[in-house]
Amino acid sequence: MRIKEPCPEYREALMAFIATGEVSDSLIHINNCDKCRGFLEEVFQVTFTSLESFAETIREMKEKCVRCGKATPYWKSDHIDSRLYYVDGGSQLCKSCYDEIYEGIIDE
Ligand SMILES: [Zn+2]
Ligand SMILES: [Zn+2]
């Protein structure tokens, strides 16, 4: 099966949208583009109704930082062994919170 491709010039904006769930001006295009909508629907297996509700869906699927509440790059379905900034005991942190808490302690 061939994966649908979004419009090439919007690919970067779509990837940023997928990664963060944040709606930006460059995404308004998606509302009127079958190709870009089809790509998102295929990636998420969710029907596109509006940009805002789709963004909401993405954010709900993301693991949130337990400290600041921002979405992290990780999906709730990601195994904890494949994540960074995950603290034993079930807490996902974002990079900046992790750095703040552990700054100077972690030796890479
Ligand atoms: Zn498009
Ligand atoms: Zn955080």
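Good morning, colleagues. Because the model is predicted, local features are reported only at pLDDT of at least 70 and side-chain atom pairs only at pLDDT 80 or more, whereas totals for chains, interfaces and linings use all residues. Residues are numbered from 1 along each chain as its sequence is written, and chains are lettered from A and ligands numbered from 1 in the order in which they are written.

I begin with the overall layout. The secondary structure comprises four helices and four strands. Here helices (H or I, at least four residues) and strands (E, at least two) are DSSP runs, numbered from the N terminus. Along the sequence they follow the pattern α-α-α-β-β-β-β-α. The C-alpha trace spans about 50 × 30 × 25 Å along its principal axes. Of the 108 residues in the chain, 14% are buried. A residue is called buried if 20 or more other C-beta atoms lie within 10 Å of its own, exposed if 12 or fewer, and partly exposed in between, with the C-beta atoms placed from the backbone. Among the contacts with a separation of 6 or more, 46% involve residues 24 or more positions apart. A contact requires the C-beta atoms of two residues, placed from the backbone, to lie within 7 Å.

Next, the domains. Domain 1 covers residues 8-61 and domain 2 covers residues 65-102; these bounds come from an automatic or database domain assignment. Taken over C-alpha atoms, the centres of domain 1 and domain 2 are 24 Å apart. Five residues from domain 1 and four residues from domain 2 take part in the contact. On the side of domain 1 that touches domain 2, helix H1 (11-20) and helix H3 (51-61) are the elements that give two or more residues. That side of domain 1 consists of two nonpolar, two polar and one charged residue. In this scheme Ala, Val, Leu, Ile, Met, Phe, Trp, Tyr, Cys and Pro are nonpolar, Asp, Glu, Lys and Arg are charged, and the others, Gly among them, are polar.

I turn now to the core. Which residues form the largest nonpolar core? Its six residues are Ile-30, Cys-36, Phe-39, Leu-40, Phe-54 and Ile-58. A nonpolar core is a set of buried Ala, Val, Leu, Ile, Met, Phe, Trp, Tyr and Cys residues joined through C-beta atoms within 7 Å. Helix H2 (34-44) and H3 each supply at least two residues of this core, and the largest share, three residues, comes from H2.

The buried residues of H2 are Cys-36, Phe-39 and Leu-40. Down the axis of H2, these residues fall within an arc of 95°, so they line one face of the helix; the arc is that of the directions from the helix axis to the C-beta atoms. H1 and H3 are among the elements that cover the buried residues of H2. Beyond four places in sequence, Phe-39 touches Lys-4, Glu-5, Pro-6 and Leu-14.

In helix H3 we find Leu-51. Leu-51 is partly exposed because 18 other C-beta atoms lie within 10 Å. Leaving aside neighbours within four places in sequence, Leu-51 contacts Val-23, Leu-27, Ile-30 and Asn-31.

Let us move to the strands. Strand E1 (residues 62-64) and strand E2 (residues 71-75) run antiparallel and are joined by two bridges; strands are said to pair if DSSP finds at least two bridges between them. Lys-62 has Trp-75 of E2 as its bridge partner. E1 and E2 form a hairpin with six residues between them, and Gly-69 in the turn has a positive phi of about 85°.

Gln-45 follows H2 and lies in the loop between H2 and H3. Its phi is near 55°, a positive value in a residue other than glycine. Is Gln-45 buried or exposed? Gln-45 is exposed, because 6 other C-beta atoms lie within 10 Å.

Tyr-85, in the loop between E2 and E3, also is a residue other than glycine with a positive phi, near 65°. With 19 C-beta neighbours inside 10 Å, Tyr-85 counts as partly exposed.

Ile-80 lies in the loop between E2 and strand E3 (86-87). Ile-80 counts as exposed because it has 12 C-beta neighbours inside 10 Å. The C-alpha atoms of Ile-80 and Glu-9 are separated by 34 Å, and the two residues are 71 residues apart along the chain.

Thank you for your attention.
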